Amino acid sequence: MTSKELGGPRQRRILEILLLQLGTPVSKQRLVDLLWGADAPAAASANLESYVSVLRRHLQPGEGKHGPLKTTNGGYVMDASMVDLDLPRFERLLDAARRSSAREADLLLRRALDIASGSLLENEQGCEWIESQRAAFAARVTEVRVLMAEAGLELGRYEEPLLQARKVLTADPLNERAWTVLVLGLEGAGRPVEGLQAYEQCRRTLDHELGCAPSEVLQSAYTRMLRATAATGDELGQALTALLVLHGQLGDTDWGLGTRAPLARQEAASVLQSFLGRSLSTAA
């Protein structure tokens with residue numbers, strides 16, 4: 001409903017506040033603070049009561065105080081039993097998904113994501129309280145995407161979890177759960193080179209922003225993908241094999257040279273130097 005249909009912009013704001021606290025009483029003082037902040041007039045409480053009275057007439061004509069907007073001790077509340085709102089439905093789906101198996105969670109989260117199209121109260125601007133509510137809701141939508149990606153990965157899917165993980169990381173590059181889905185998903189999809197690139201991006205981001213390293217799960221995936229790429233035997237694989245030898249992560253048997261370790265390390269250094277030389281020459 002527009003502000004005009006509700007009696008004015010103040011009435012619309014009161015309705016928004018009460019709906020976002022559906023079923024929970026909001027005190028008159030809290031409403032005054034949210035409507036006016038530090039600029040509240042001396043007659044703010046009386047003005048609030050007048051706004052609520054006008055809102056009632058527009059919202060529930062002919063019902064008086066018997067409609068969903070009710071007066072409580074020192075405040076007002078929207079009766080949850082009389083209001084059908086998407087936001088509580090979204091919260092219930094998210095809560096149920098947290099306690100469900102991967103297959104059940106996947107279905108619940110898809111329904112939650114269908115509800116969460118657009119930002120919260122996207123037509124409202126310039127209000128700190130609404131911005132905080134909007135940010136909190138966006139964080140819950142992010143959790144839905146992460147949970148959906150994790151459930152999809154557990155179910156043996158890759159493309160959709162990768163898509164959801166990338167969406168999360170675009171908005172929140174420090175979300176390590178999303179990085180984990182991305183790296184493990186690329187590994188599972190048989191794309192270890194992309195997985196290595198994703199891991200390195202994750203490592204740099206976490207180090208630069210938080211001063212920490214990726215989790216043990218990510219580090220293990222990184223090692224597995226290094227070995228998988230090294231085993232291909234192509235130019236990149238040979239360079240990675242050399243790198244693993246130089247870092248002591250492959251022995252003579254793994255390296256396949258059949259020589260003593262010092263010679264293996266010498267040959268590894270030569271292979272890596274040649275690869276870097278060709279790469280720099282191509283780049284130039």
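The largest nonpolar core of this predicted model has 42 residues, of which Leu48, Phe90 and Leu109 touch the most other members. A nonpolar core is a set of buried Ala, Val, Leu, Ile, Met, Phe, Trp, Tyr and Cys residues joined through side-chain atoms within 4.5 Å; buried means under 20% relative accessible area and exposed over 50%, with partly exposed in between (1.4 Å probe, protein chains only). Local features need pLDDT of at least 70 and side-chain atom pairs count only at pLDDT 80 or more, while totals for chains, interfaces and linings use all residues. Residues are numbered from 1 along each chain as its sequence is written, and side-chain values use heavy atoms, leaving out hydrogens and water.

**Nonpolar cores**
- Helix α7 gives the largest share, seven residues.
- Leu109 touches Leu94, Ala97, Val144, Leu147 and Met148, not counting residues up to four places away in sequence; contact means heavy atoms within 4.5 Å.
- A second, separate core of 21 residues includes Ala165, Leu169, Val183 and Ala198.

**Helix α8**
- The buried residues of α8 are Pro161, Leu162, Gln164, Ala165, Val168 and Leu169.
- These residues lie on the same side of α8 because they cover an arc of only 165° around the axis, taken from the directions from the helix axis to the C-beta atoms.
- Their cover includes α6 (102-115), α7 (128-154) and α9 (176-188).
- Exposed residues Glu159, Thr170 and Ala171 are on the face turned away from the buried side of α8.

Notes: Helices (H or I, at least four residues) and strands (E, at least two) are DSSP runs, numbered from the N terminus.
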